[in-house]
Structure formats: structure tokens, C-alpha cells
Amino acid sequence: MFWRIFGRELRASRARLALALLVVVSGAAVVSALVNLQLDIDGKLERTFRVFGANVLVTPKNGAASQALMPVSAWDEIAARARSDNRIVGAAPYLYVVARIPAASADAIVAGTDLNRVREMSSWWKLDGRWPSAAAEALVGADVARKLSITPGRRFTVDYGGKQQAFTAAGIITAGGPEDNQIFTGLAPAQQLAGLDGRISLAQLSVAGSATQIRQVMNNLSAALPDANVRPIPEFTTAEAQLAEKIRMLVGATVTLILALTVLGVLASMAALATERRHDVGVMKAIGGPTPRIIRLFLAEVGALALAGTIVGCLLGYPLSSWISERAFGSGVAMQWEVVPLVTALMFGAALAGALPLRLLGRIRPAVILRGEGWSL
Amino acid sequence: MFARIIFESMARNPRRKMLASAVLILATAVAAATLTVALDEGNRLAHEFRSFGANILVTPQADTVPLEIGGLDTRPVSAGSYLREADLGKLKAIFWRNNIEGFTPFLQVPATIETPQATVETTLVGTWYRQAIPVPDGPEFVTGVESTNPWWEVTGAWFSGGAKECVVGRMLADRLDIKPGQTITIRTGATNTALRVTGIISTGGSEDQALVAPLALAQQLAGQPGMYRTLMVTALTKPEDAFGRENPKQMTPVEYERWYCSPYPASIASQVQAALPGSSAKVVRRVAESEGRVLGRVSALFWLITLGAMAAATLAIAAMAAASVVERRSEVALMKALGAPSGLLAWFFLVEQLAVAVAGGALGFGLGTLLARGLGRLVFGVPSTPQPILLPVVLTIAAGVVAAGSLLPLRRMVRLDPAPVLRGE
């Protein structure tokens, strides 16, 4: 009997139910999409900020920065960690050598490094020419290139204490920083040139994560490399953490506002539905239906709406959230399962709160409603 | 008559309108707040990005290639050329002067510290901590590392302007066991100078291995009075777009004018270079380019979320409008029975709905502006700028959505046969 009336009722007011369902579905979709995004935003922002490149430096502990060297085993340790720890999104070793360019009779800094790794960590470089692919190819900083009139494809010779080595300038890079004054080569050619086999000057790391996570990675590195100094580049760690925090707060506050609005929208449309049902309720009461049962009937209706709306909304919400993430960060987003219970609770809460005025049903007299007299919610 | 019916209908039953108005006001408030924040957020975040340090670097044009490893110049003071400190005030007189947030000159002098235990080669970095400089036709401008390098941290105190004082890099201080309050002797060339250590500085950069001292002192030690070697400028800029990346030398005069009058990093750098004779100003791409990328992503994210807010607002308003029309079925039927033409009836309800929409929208806009101010203060410490231009936008959206949401049920209603409705069937 209960279910028959329930079924009849659903069929009888299809149009109005469809409208209420549309509100719940879209509300659930928007809320689940935004909450899903919000839960993953830390990771997204941390990765985004890595376009700034290295934020941690590993330098030798002893001696002044410009002359001290570390054994290459320290770099091997870092490289191994970079492979196993996904917080380290990039790392590169550097060996700096002050060499002479005989053709221009001027000095320049040769930075031996792992060029493939550097490429991932220096997204801001403007490259004229191409990236070096062979060991005898180099990247030349824009200022050096201008002073020594080197263009892409030109060969040049560098000299270190009488030992000479020829490179081809595969590309010229403009960075607007110290890189413009350096010549980038592979690590091995620089080591050979300076006779410093198995030595590096420093290593740069790009570590993603919160301030605490970055500190943890640094502590682990410090423990593994007792002879090295592991230090942050504060403008890219502290400043970044503060900025990420602000963006997160901004997004969080906006999402909360949208959440509140959606809840109110669902609540209002359920209240409208309840008002419309007053006639049916009047009739049911007049023919002797017990009040709790009538209320249960309506609650079942609201519950069914909320359930259907939440399921469809969550199903639509995930692709929506993925799309937003794709547009904003260029990568999709993982489904955060916490979203489902949260959205369900919100939608059911709002729907039931909207149906709350029905409690008043117990108090009203059917005659008043059936006569169509002043009864409003 | 028309106006009276509408007025009476609104005044008579305020309670019925309460939930509808609450939804309408909140929805427009959320829309207005998110739009205000979205319009403002680019500027605010661009300001926050200045804590990443200088985005324009100025060096002498005729300079030799600096032999700079890890930020310390290893050239002797005699090599290379210099820029004049006296010209710096001109930076606050360029077209984009208000976008110049700060600048700091640097002059590095190789120095030797002599302590009883050891003799250590290091660098003395001369700079400003907080310097008031005269500006042509304007009030003095206070700047220095305090504003350009906010992450520099000093334990103890900063040196004072022209004094024979310095702060010592943390790593150097650890190595030589130097404490604030101590006096150290440094040798530059053939002269010995006694400096009082006022504090220990920690920058995370090469300065951790060096001495940081007033610029005037470094000039005196280098024998280059009134000169500096590099200048760091922090400027509020607009991320480069396709137009900003074009080569200004190949632009038409009109395009060049537009480029010059846009605060792109490159156009501000070119104005800085023009203001300082003999200088070469470069955009620090690590900061400027990366800032553009991060800002682009965050803005995209924010606009998409704003879109979500608009969707939620639209939906809530439309649902409410539809429900409030349906609720008044019997009124429509009564009026029809009394002989009102369907067209007039539809008009009457539509105008009433629109009046509610405009009133609610205006209230919502006010509330939304307040919300945005609060949000701005919470996140950035500065209230968001109100955007009056959004008022017509929000009102149009509210009215449009209400009209769209009301029209369909209205059409169905005015076509109804009044008799069954009035009989309650």
C-alpha cells in the first residue's frame, strides 16, 4: 500500500519532481567536482610551483662555496634518492670551472652538468637553437655568446691551464640570471677539462611538497650525506609555501560559499515541493491516514530524490572536476572517495531540512487545507 | 492599476517571499563575491609574487663577462664597469614608476678577513638595507633589501647607513666563530678596516659566505665612490602574453606604443634601461616567466571555480523562480476567471518576478561586495577592491535567470482552464 501510493505520487507530479531532481543533480555535481578538486589542490599547487626550478642546494661542507668540491658519490646518492622519492621532481649535479676562451682572450665559466636533467628544471630558459645531444655540444649563455660572438652551430675552444677542448654551441640560452654568463656542457667533459674526475661543485634539487615535507627530504639527505650542506633556497621555499597557502585559502573560501549556496538551493526547492504536497496531505488526513505515515511517505519521496540526485551528481562531478583540473593544471585529478559521503550527507541534510515544515502537518486540520484557506509554510 | 496589483501582491505576503528572496540574495551575493575576487586576484597574487625577489636585473652595458659562481663575483674591482648611484632616483620617474616596488644596488668587493686563528678570503657585499633616496619631483622613496629580498634574515641588528658596520653571513660566522658585537678587521687591497659586526645574516644564497655592509662603505673600499655594479629591481608586472613576447624592435609605432604602455616585464625593463645611463636591464626569467605560468594556472583555476559558482547561483535562482510561479496557480486562475487576458497576466507575474530579482540582486551585490572584502582581508590582508561595474552584470544575470526560470511555468499556467484549479482539482 505504502509503496503503491509512493509510486503513484512520483508518477503524478513528474514535471515538478524532474525540476527538483535537476536542482539536486546539478548541485551535487558542482559540489562534488569542486570538493574533489579542493582535496587535491595541495599536490597540484606544489607541482605547479616547480616551474621555479631548484629549491634545495647541496654544497660541500668545507671551504668557500666557489672552490670546494664534493665526490661524485654524493651525487650518486642524490640521484638514487631522486629515483625512489617522488617528492624530488628534479635534480642535477654541477661542476663549475673558470676557463679561458682563447679566441676572445676572455674568461668564462664552464658549468658541467647533466643537461637532460637540467632541461626539466629550467622551464624559464629561452632557447635559441636546439638542446645538445652529444658530449661535445654545449649550451652557451646569452651574454657569453654575445661577448664571444658565438651563434648556434659554431664551434669554439675552451682552455684550462693549457688543456684545450672544443665544443659546438648547439643552442644559446637567455635566462636573465647568472646562467647567461655560463657555458653549459656535460659533466664528464668539464671534469676532463679541469682534471677533476669524480668531483662536483654542488647539486641542485627541485623538491615538491609542503614546507614540512621539503624539510623532511632535506633532513634525510643531510643524514645520508654527512659531508655536505643541504640548504633551502628560501625565496623558492618559504615564499612559495606562503603563496600556496594564500591560494589554497582563497579556493577553500570560495568552495565553501558555493557549498552553502547549493545547500540553500536544494533546501528551497524541497520546501517548495513540500508546500505543493499540502493538498495531498489534507486529503490523506481527511480520509483517516495517520500523520506519521503521511510524513514517512513524503520523506521517502525526498529521500529517493536526494539519493538519485547524489548518485547522478557524483557521476557527473568527477568528469567535471577532471576537466577543470585539465584546463587549469594540464593534468587530471584522482577521484577522492571522501567526496561521496560528504556530498551524500550534504544533499540528504539539505533535502530533509527543506522537508522540515512537514512536521507542522500533525497540527493542522484537514478542513482548512481542503477549503484552500491560508496555510503557508 | 498594474503597479498597484504588483505592489499589493508583494506587500501582502512577505513571508512567502522570504525563502525565495533569501535564495536570490545569497545566490547573487556568491556570484558577486566570486567575480569580485576573480577580477582582483590577479593583482593581489602578482603583488604576493614579489616575495620571490627581483624580476629585473640591471648591469653595466659595457661590462666584461662576470665570473660569477654561486652568486659571488670573482672579478677584481678593477675589471668591468660601474653604474652611478645618483641616477637611481630616476627609476621613480619613469612611466611605470608606480609599478616599481623596490630596487637595491649591489657592489661586491673581494676582501680578506684576518682573525688571530685564520686568514679567510671572502667578499664584502655593499648594499642598502633601508635607504631613503631623493626622487625628482616627488617625495623620497625608501627601498633596499628589506623590500626586494624579504627572505633575508638577520639575527642581531642590521648595519646602519654610512657606519663602519657589517653583518656576517651565517656560514662564514660559524666557520670563524664571529658573534654580533665583535669587531673584525678586513683587508681590501692594501688597506685594513675595522668593522663592527651588528648581526648574522642568513639568506640561503652566496651572502651566507660573505660580509654584507653599507653600500657607501663598499664604494669607499673599492675606490669607486657613488658607484654600484648590479641593481635588483622588483616591479609589478603583467604576465607576458603572445603580444608581450613579440620583438619590440619589429613593431609598428602603434603597436610599440601599446607595448610600452603595458606593464610587461620587458617593457618595464626597457624603461629602466633608458632611465639609467650605460645600463643593461634584463628580465629575470626565472621569476618573471615562472610567475606568468603559475599565475596563468591559478587564474584559470579561479575562473573555472567562479564558473561553478555562477552555475550554482543560476540553478538556485531558476529553481526558486519556477517554484514561486507554480505556487501561485490559484491566483492566476482567479484572475483569469475575472477576465484578465493571458498576455497581461503573464506580464504581471513577470514584472513582479523581475522586481524581486532586481531588488534581491542589488542587495545580493552589496552582500557579495562585503563578502569579497572580508575574503580579501582574510587571505591577502588587504580588502578586495569593490567592482561597481559588476552591479549591472549581476543584476542582468539575476533578472535574466529569473525570467528564464519563470517563463516556462508561466506559459503553462496562463493556458490553464481556471475552473478545475479554482475548484481545487
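Modeller: Axes are lines fitted to C-alpha atoms, for helices over the stretch in contact, and angles run from 0 to 180 degrees between N-to-C directions. Helices are DSSP runs (H or I, at least four residues), numbered from the N terminus. In this predicted model, local features need pLDDT of at least 70, side-chain atom pairs count only at pLDDT 80 or more, and totals for chains, interfaces and linings use all residues. Residues are numbered from 1 along each chain as written, chains are lettered from A in the order written, and side-chain values use heavy atoms, without hydrogens or water.

Colleague: At what angle do helix α2 of chain A and helix α8 of chain B pack?

Modeller: Helix α2 (residues 14–49) of chain A packs against helix α8 (residues 285–326) of chain B at about 165 degrees, their axes being 11 Å apart. Because angles over 145 degrees count as roughly antiparallel and those under 35 as roughly parallel, α2(A) is roughly antiparallel to α8(B). Their contact holds 18 nonpolar, four polar and two charged residues. Here Ala, Val, Leu, Ile, Met, Phe, Trp, Tyr, Cys and Pro count as nonpolar, Asp, Glu, Lys and Arg as charged, and the others, Gly among them, as polar.

Colleague: How do α8(A) and α8(B) cross?

Modeller: Their axes come within 8 Å and cross at roughly 10 degrees, which makes α8(A) roughly parallel to α8(B).

Colleague: Which residues touch the most other members of the largest nonpolar core?

Modeller: A nonpolar core joins buried (under 20% relative accessible area, 1.4 Å probe, protein chains only) Ala, Val, Leu, Ile, Met, Phe, Trp, Tyr and Cys residues through side-chain atoms within 4.5 Å. Among the 112 residues of the largest one, they are A:Phe49, A:Trp125, B:Phe52 and B:Leu301. Helix α8 (residues 234–276) of chain A gives the largest share of this core, 18 residues.

Key. Buried means under 20% relative accessible area, exposed over 50%, partly exposed in between (1.4 Å probe, protein chains only). Helices (H or I, at least four residues) and strands (E, at least two) are DSSP runs, numbered from the N terminus. Angles under 35 degrees count as roughly parallel, over 145 as roughly antiparallel, 65 to 115 as roughly perpendicular and the rest as oblique.
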